[in-house]
Amino acid sequence: MNFVPFVKTRTRGKVNVSSVTLAHGGGGKAMKDLIDDVFLTAFGEHACEPLEDQARFDLAVFAAHGDRLAFTTDSFVVDPLFFPGGDIGKLAVCGTVNDLAVGGAVPMYLSCAVIIEEGVQIDLLRQVALSMARTASQAGGQIVTGDTKVVPRGACDKIFITTTGVGAIPASLALGVDKARAGDAVLVNGLLGDHGAAILCARGDMALETPIASDCACLHELIGAILAAAPGTRFIRDATRGGVATVLNEIADGSGVSIEIEEGMTPIREEVKAFCEVLGLDPLYLANEGKIVVIVPPDQAEAALAAMRRDPLGLDAARIGRITSDQDSRVMMRTSFGGHRMVDMLVGEQLPRIC
Amino acid sequence: MKYVDEFRDGEKARVLIGEIESLVSGMKLPEGRPLYLMEVCGGHTHSIFRYGLEGMLPKAIELVHGPGCPVCVLPMGRVDDCVAIAENPKVIFTTFGDAMRVPGSRKSLLQAKADGADVRMVYSPMDALQLARRNPAREVVFFGLGFETTMPSTALTILQAESEGIRNFSVFCNHITIVPTIKAILDSPGLQLDGFLGPGHVSMVIGTAPYEFIANFYRKPMVVAGFEPLDILQSIWMLLKQIAEGRVEVENQYARVVPSEGNNAALRAVAQVYELREFFEWRGLGSIDHSGVRLRDAYVHFDAERKFAIPNVRIADPKSCQCGEVLKGALKPWQCKVFGTSCTPETPLGALMVSSEGACAAYYQYGGQKRQAEVV
Ligand code: SF4
């Protein structure tokens with residue numbers, strides 16, 4: 001059931017138990033109370049039509065921002081729910097805001113659907129909802145509609161969140177994965193692999209205490225700055241699951257070009273390098289939640305880099321490589337050692353080596 | 001990382017490559033072929049690909065990727081045994097990550113997990129023992145795998161379990177030992193090898209003395225090598241120097257880590273817990289006498305093989321697989337009939353395609369297609 005719109009005048013329900021039960025998914029008073037108390041309290045009151053099953057918008061508002069609607073959805077199933085640098089709520093908002101922003105869209109409205117495992121603490125849910133609300137307001141977006149479901153214990157892992165977002169793309173922009181051309185520069189906005197490493201550490205089954213925090217952040221402002229400084233930008237994508245290596249391969253495939261990156265220019269935190277070394281992982285494949293790969297024409301590379309470095313989320317921005325004219329759609333890395341190796345798509349999950 | 005960066009210095013690499021080139025150019029090469037140098041250890045294979053070393057060496061040197069990835073040489077029947085143990089509802093089956101994807105005849109451990117078996121990835125056998133402490137009502141089985149590198153930690157874990165009186169912990173022991181393996185390679189007919197890069201981690205435990213027979217009986221030089229790219233280049237240079245000077249010795253490039261006499265404490269634990277098996281089956285290489293170990297009778301209560309009914313069926317490798325030839329260095333991975341077609345990392349037919357240390361997977365990931373294109 002949708003919990004937006006809500007009625008401003010109705011007295012808020014109050015949840016008076018400490019954990020979620022199946023009754024909270026039953027559609028009755030318990031559910032209303034949960035939605036009111038936990039979600040609506042967190043998300044605040046928005047200018048929506050009362051008592052309708054959908055959020056409603058004035059198309060003129062979109063049209064004022066651009067000529068195309070951007071529409072994206074993603075599900076978040078992270079374990080643990082809270083980790084250094086973020087939590088599932090922040091992740092769910094940042095992820096969708098970034099998916100809009102990388103296409104050049106101005107993020108405007110979000111929806112969230114939450115699947116809750118019976119037994120989850122109400123306080124925990126509250127923290128997640130507050131984190132979502134805080135992140136959304138920082139991103140200048142609003143969470144305007146949503147849904148909750150409660151499933152029996154064991155049917156999901158604590159909390160799953162799906163967020164969907166809409167935004168508008170300014171008429172001047174036409175970014176695309178097919179637009180990379182030989183000679184273009186490949187940029188990233190900072191240190192790679194922090195999120196993946198932080199999550200693996202936070203799971204605690206590594207017996208490794210590494211002070212790595214997730215890079216989880218909303219990148220719409222940074223991206224806005226890049227697009228202003230380098231209007232010829234060809235393509236931007238956030239390097240989430242599968243890491244930078246996967247994005248580069250997508251670009252090589254999509255544009256029918258090859259990419260050469262320099263190991264020595266690729267920014268990776270010493271702790272993450274050491275962590276990968278111990279576990280036999282490759283940081284290029286580790287997930288990021290606040291990192292983008294940007295393809296720009298060579299003459300705009302410096303402007304784009306400078307714009308990134310002016311933003312707190314782009315301090316360690318670097319030019320890691322270039323598009324080459326080789327048409328095999330290959331990603332190669334020049335190792336800092338002087339050799340070459342291929343950076344292929346990852347097969348399955350990265351599994352640590354034994355020796 | 002500071003300590004490690006020293007061994008990844010591209011400048012030093014160029015100097016070394018220069019010296020290797022000048023050594024090779026002054027040398028009399030075998031007729032009609034390059035010099036074949038085998039790295040026995042999967043860790044070396046991995047570094048060679050990761051740093052792109054092959055492409056930096058002169059054409060007159062060809063690296064042959066040996067059998068040193070314990071995951072790669074695991075016979076299919078043994079994977080089936082793992083799956084059978086894991087499917088016992090009482091069991092929590094624990095394993096190192098890269099053994100999860102190795103195909104069995106029915107399924108891999110990863111598939112068994114998806115089908116409901118309680119399979120968990122651990123980073124050391126001590127993690128498995130910890131699981132046993134926390135789950136007294138379950139049977140925790142650790143998949144003991146690897147050469148002398150990992151053998152002592154399994155042995156020490158068993159000794160620890162013994163001293164704590166833990167009875168719901170056991171080991172499915174598939175540890176293997178390096179020396180008989182190298183011997184089997186040296187004995188294989190028609191073998192053309194000019195020298196060996198000896199395994200660094202294994203030697204940390206056993207020292208360098210056990211390799212003397214390679215120089216003395218088989219007249220092949222060996223250099224025990226570290227895993228950093230400069231280690232490997234320097235070891236190749238040392239091997240070439242021996243060949244150029246007509247010496248045949250076992251040298252130790254990795255002396256900062258490998259004591260020539262090995263690690264006594266580790267060796268004692270190994271001797272206390274394990275005994276050699278008569279035979280042990282290897283994927284692609286067939287049975288090699290005395291190449292595997294099992295738990296001694298004194299530790300029978302920690303032996304998963306005796307605690308659980310396991311099928312223990314020999315499964316022949318798929319016919320199209322040429323893993324054996326690749327392991328012996330007779331074929332390059334991309335020369336295998338099914339490389340990159342029916343055998344890929346997504347659908348591996350042979351184990352060399354599974355582990356990141358497997359030569360086929362390394363070729364596939366770090367440049368396989370290019371090689372393949374050059375061949376066809
Ligand atoms: S390509 Fe597959 S079957 Fe052939 S040798 Fe490699 S792993 Fe074995």
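What share of the 355 residues in chain A is buried? Buried residues make up 55% of them. Here buried means under 20% relative accessible area, exposed over 50%, and partly exposed in between (1.4 Å probe, protein chains only).

## Basis of the model

This is a predicted model, in which local features need pLDDT of at least 70 and side-chain atom pairs count only at pLDDT 80 or more, while totals for chains, interfaces and linings use all residues. Residues are numbered from 1 along each chain as its sequence is written, chains are lettered from A and ligands numbered from 1 in the order in which they are written, and side-chain values use heavy atoms, with hydrogens and water left out.

## Chain A: fold and backbone

Chain A has nine helices and 13 strands. Both kinds of element are DSSP runs, numbered from the N terminus: helices are H or I with at least four residues, strands are E with at least two. Contact means heavy atoms within 4.5 Å. Take the contacts in chain A between residues at least 6 apart in sequence: 86% of these join residues at least 24 apart.

Most residues other than glycine have a negative phi, and most peptide bonds are trans. Two loops of chain A hold exceptions. The peptide bond from A:Asp79 to A:Pro80 is cis, with omega near 5°. A:Pro80 sits in the loop between strand E1 (68–76) and strand E2 (82–83) of chain A. A:Lys158 is not a glycine, yet has a positive phi of about 60°. Its loop runs between strand E5 (142–151) and strand E6 (159–169) of chain A. A:Lys158 is partly exposed, at 31% relative accessibility.

## Chain B: two loop residues

B:Arg219 also has a positive phi, of about 55°, although it is not a glycine. B:Arg219 belongs to the loop between helix H11 (212–216) and strand E8 (222–224) of chain B. At 52% relative accessibility, B:Arg219 is exposed.

B:Gln322 is in the loop between helix H14 (304–307) and helix H15 (323–327) of chain B. B:Gln322 counts as buried, at 15% relative accessibility. Neighbours within four places in sequence aside, B:Gln322 is in contact with B:Leu331, B:Gln335, B:Cys336 and B:Lys337.

## Chain B: domains 2 and 3

Chain B is assigned domain 1 (4–67 + 191–252), domain 2 (76–176 + 292–307) and domain 3 (323–375). These bounds come from an automatic or database domain assignment. The C-alpha centres of domain 2 of chain B and domain 3 of chain B are 28 Å apart. Five residues from domain 2 of chain B and five residues from domain 3 of chain B make the contact.

Between them, domain 2 of chain B and domain 3 of chain B bury about 390 Å², with 63% of it on carbon and sulfur atoms. Buried area is the accessible area (1.4 Å probe) that two parts lose on being put together, summed over both. On the side of domain 2 of chain B, B:Asp98, B:Arg101 and B:Pro103 lose the most area to domain 3 of chain B, together 78% of what that side buries. That side of domain 2 of chain B, where it touches domain 3 of chain B, has three nonpolar residues, no polar and two charged.

## Salt bridges

Side chains of opposite charge can pair when their charged atoms come close. A salt bridge is a side-chain nitrogen of Lys or Arg within 4 Å of a carboxyl oxygen of Asp or Glu. Over all chains, the structure holds 43 salt bridges. One of them joins the side chains of A:Asp37 and A:Lys14 (3.4 Å, N to O). This pair links distant parts of the chain, 23 residues apart: A:Asp37 is in helix H1 (residues 29–43) of chain A, and A:Lys14 is in the segment before H1 of chain A. A:Asp37 is buried at 6% relative accessible area, whereas A:Lys14 is exposed at 55%.

In chain B, B:Glu305 forms a salt bridge with B:Arg277, with the closest N and O atoms 2.9 Å apart. Here too the pair links distant parts of the chain, 28 residues apart: B:Glu305 is in helix H14 of chain B, and B:Arg277 is in the loop between strand E10 (274–276) and strand E11 (279–282) of chain B. B:Glu305 is buried, with a relative accessible area of 19%. B:Arg277 is buried, with 6%. Salt bridges that share partners also join B:Lys241, B:Glu245, B:Arg247, B:Glu249 and B:Glu251 into one network.

Note on methods. Nonpolar A, V, L, I, M, F, W, Y, C, P; charged D, E, K, R; others polar.
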